[in-house]
Amino acid sequence: MTPRLDLRGIRKSYPGVLANDDISLSVLPGEIHAVLGENGAGKSTLMKIIYGAIPADAGQIYCDGKLLPEHGPAISRELGIEMVYQHFALFDSITVVENIALSMPGRMDLKRLAVRIREISERYGLPIDPDRLVLSLSVGERQRVEIVRCLLRHPRLLILDEPTSVLTPQAVQKLFETLRQLSEEGCSILYISHKLDEVRELCHSATVLRGGKVTGTANPSEASSAELARLMVGDDLPEITVQPTELSHGPLLAVNNLNVRSETATGTSLKAVNLEVYGGEIVGIAGVSGNGQRELAAAISGEKIASAPEDVVLDGRPVGHFDAGRRRDLGLGFVPEERLGRGAVPSYDLSENALLTAHRLGMVRHGMAMRSKARDFASGVIEKFNVKASGPDAKAHGLSGGNLQKFIMGREIELSPRVLLVAQPTWGVDVGAAAYVRQTLIDLSRSGRAVIVISEELEELFEICDRLCVICNGELSSPLSRAQTSAEAVGLLMTGTGGKAAGRGAQTERDRHVV
Amino acid sequence: MDLFVSMFAATIIAATPLIFAALGELVVEKSGVLNLGIEGMMLAGAAFGVWAHFAGLPMIVALAAAILAGAAASLLFGVLALTFMTNQYAAGLALAIFGTGVSAFIGRGFGSTPVEAIKPMNLPWLSDIPIIGEMFFRYDPLVYFAFVMFGVVSWFLYRTKSGLALRAIGESPDSAHAIGFEVIRIRYLAVMFGGAMAGLGGAYLSLVYTPLWVENMTAGRGWIALALVVFSAWRPMRVILGAWLFGGMTILQLQGQAIGLSVPSEFLSALPYLATIAVLVLISRNRQAMTLDFPVSLGKPFRPKG
């Protein structure tokens with residue numbers, strides 16, 4: 001059988017990095033082929049070369065046995081190569097259906113297209129409203145738009161870049177069904193991932209990348225996870241250790257019957273949210289994105305001020321009426337979801353970024369910033385938290401995702417907060433750094449602080465949290481003890497179909513926990 | 001009543017060159033390109049229109065010459081800003097200065113010689129209706145054409161796929177490139193459309209409104225057109241409203257000077273500019289609307305990655 005896609009000796013370098021080095025792989029029609037590797041292994045670069053978004057420095061691409069003399073996104077679309085980007089190529093200011101119309105050939109008929117979008121999205125369980133502005137969509141919803149966009153074009157080769165990180169376990173299964181169906185219909189699929197379980201469950205073959213090179217190929221259903229992981233990471237993965245813990249007497253953070261009306265028509269309103277977090281524990285907030293996580297984080301951090309002081313209580317003190325700065329003064333740390341632009345100013349260097357929140361540690365005298373202190377502080381964080389950066393003068397946008405996350409996390413932890421709120425701690429962070437960040441959070445909680453982690457990655461929450469709440473449509477479930485719940489139960493709550501049984505079980509669990 | 005009717009008509013006419021120039025610039029900016037050189041392109045259009053007229057060419061050809069002159073001037077900007085990716089602010093300012101100079105040079109021979117202006121149309125029936133006829137049906141064809149262009153631009157931007165693509169490019173040229181749009185080519189077309197419209201606006205001044213060539217005769221209207229686009233929050237309807245407001249204030253202050261208001265005439269002359277900007281600032285305060293219509297990539301050069 002002629003391969004649908006055949007890469008030979010693909011090479012691509014950027015200043016200072018060899019992103020792809022002599023990569024060859026081939027995908028048969030109807031084959032689901034995994035490209036496995038850590039973040040930074042060169043997967044995304046390779047996919048962009050296949051799609052034609054960036055040119056390769058050397059090497060050939062064959063499609064259905066024919067050499068492509070030149071390549072570009074338009075040529076890809078003619079050949080039926082479709083790509084779901086990890087960072088979505090969607091336009092915020094226009095609606096879902098308009099976004100999709102842009103990549104459809106021929107004349108534009110928005111009404112008919114909207115009908116087709118509804119059909120496809122229902123058939124594949126990817127609910128989206130074609131008339132909503134992309135601006136108002138969560139990350140998970142944007143991905144659905146991307147996938148539906150590709151499916152509408154009847155692809156012959158579909159490239160998916162880390163597609164499951166924003167989905168519930170049930171939605172992942174649903175997606176896999178879709179992908180298997182597509183594969184049976186003869187569509188080849190390139191599935192980029194670092195999740196071994198998923199690859200082993202779904203894919204027919206796998207090519208493993210490390211540091212821009214192919215380190216091996218395997219049949220994932222036969223190879224063991226350990227073998228694949230070794231090909232991927234090189235040496236063995238760092239183990240995360242969770243020590244038993246002792247809880248504080250009272251909760252360090254309490255959210256009491258918090259209602260927040262969404263300011264935009266498309267946001268999620270919080271409905272009577274209750275949450276207590278004790279010193280010494282990590283409480284995870286699971287949920288499909290766009291269910292109120294952003295609003296909850298804003299309400300706790302103080303970016304959005306609550307209607308009553310008692311709505312948010314920090315270490316026994318009502319702080320609902322305080323802004324984010326006052327709450328930080330009182331010992332609340334916050335690491336937001338977006339690192340660049342919210343957690344850190346991209347064009348500032350690290351010492352300036354340190355100053356933004358760590359000025360509380362006496363870095364300001366008579367209203368003047370003391371740069372030398374900020375530099376010392378930043379150097380300290382870089383050293384203590386293993387941040388790979390040239391020094392305190394490195395610009396924030398020059399750091400990789402993982403290293404910047406370590407820096408921001410370090411900056412907040414050095415402020416010794418009583419309560420630390422972290423949103424999506426390992427989003428776009430490579431495996432090694434993610435393990436480090438998780439271990440840091442565990443250690444922080446074991447030193448008596450209260451940690452809240454909002455994450456869409458269930459595996460991560462199960463790995464580090466003592467208790468788990470699920471947010472769905474602005475309502476927060478009662479906490480579930482990690483030891484006594486399962487991914488399936490949490491997944492059901494995430495889709496709002498968990499019902500009362502799980503809630504009741506959780507209630508007794510919570511009572512036990514408080515006692 | 002007569003005074004009101006004549007002021008109304010004068011307002012519509014005074015707004016017409018602004019409508020042309022600002023609608024053109026709106027399309028340019030929606031594609032993410034900021035061309036500050038409207039003043040220069042208008043002057044080029046005004047001078048070349050008059051030049052063609054005195055060369056004995058029919059009026060329609062003179063208008064075409066003005067349109068071509070504006071488009072050619074914008075092409076200069078396009079080559080600098082889009083192909084060589086120079087700073088768009090600097091390239092636009094250079095174009096404004098260059099256009100002023102070139103138009104002065106072209107217009108040397110026939111400065112202040114009156115032009116036989118394009119005449120208002122006399123529509124059978126309609127023009128004869130009392131009041132209504134004078135208010136709506138006794139303008140020159142270009143006034144109506146300005147409204148046609150408003151319709152065309154609105155329809156293009158919000159109803160056609162090309163318009164959608166143009167707005168998408170204005171928001172994120174990288175994403176548009178990634179899904180296969182030729183960003184640079186589309187931006188060139190937008191820039192040249194803007195130049196053509198500015199040229200036509202300039203020609204309206206020299207062939208209809210004034211009608212003669214005077215050096216620097218646009219008197220800052222190019223900059224007002226630019227301000228209209230920004231303060232209209234990139235919406236065609238508001239561009240029209242802003243142009244009328246400016247036209248109305250221009251006529252009002254002329255009336256004020258004529259009846260000898262005891263206000264310094266310099267203040268009255270400044271009034272249209274002040275009032276237009278003040279009102280547009282007030283109506284563009286809705287931030288959510290701004291974020292929707294603002295072309296995010298405005299003024300940033302696009303470099304295809306790779």
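**Interface and sheet in a predicted model**

Student: Which helix of chain B gives the most residues to the side that touches chain A?

Tutor: The elements giving two or more residues to that side are helix 7 (161-171), helix 8 (173-178) and helix 13 (287-293) of chain B. The one that gives the most, with 6 residues, is helix 7 of chain B.

Student: Which side chains meet in a salt bridge between the two chains?

Tutor: The count between chain B and chain A is 1 salt bridge. With a nitrogen-to-oxygen distance of 3.9 Å, within the 4 Å cut-off, the side chains that meet are those of A:E98 and B:R167.

Student: Which strands are the edge strands of the open sheet in chain A?

Tutor: The sheet has 6 strands in the order 6-7-8-3-9-10, with mixed pairing. An edge strand here pairs on one side only, and this applies to strand 6 (81-84) and strand 10 (213-218) of chain A.

Student: In strand 7 of chain A, which residue is the bridge partner of A:M83?

Tutor: Strand 6 and strand 7 (residues 157-161) of chain A pair in the parallel sense over 4 bridges. The partner of A:M83 in strand 7 of chain A is A:I159.

Conventions
Residues numbered from 1 in each chain as written. Chains lettered and ligands numbered in written order. Predicted model: local features only at pLDDT ≥ 70, side-chain atom pairs only at ≥ 80, totals over all residues. Heavy atoms only, no water. Pairing = 2+ DSSP bridges.
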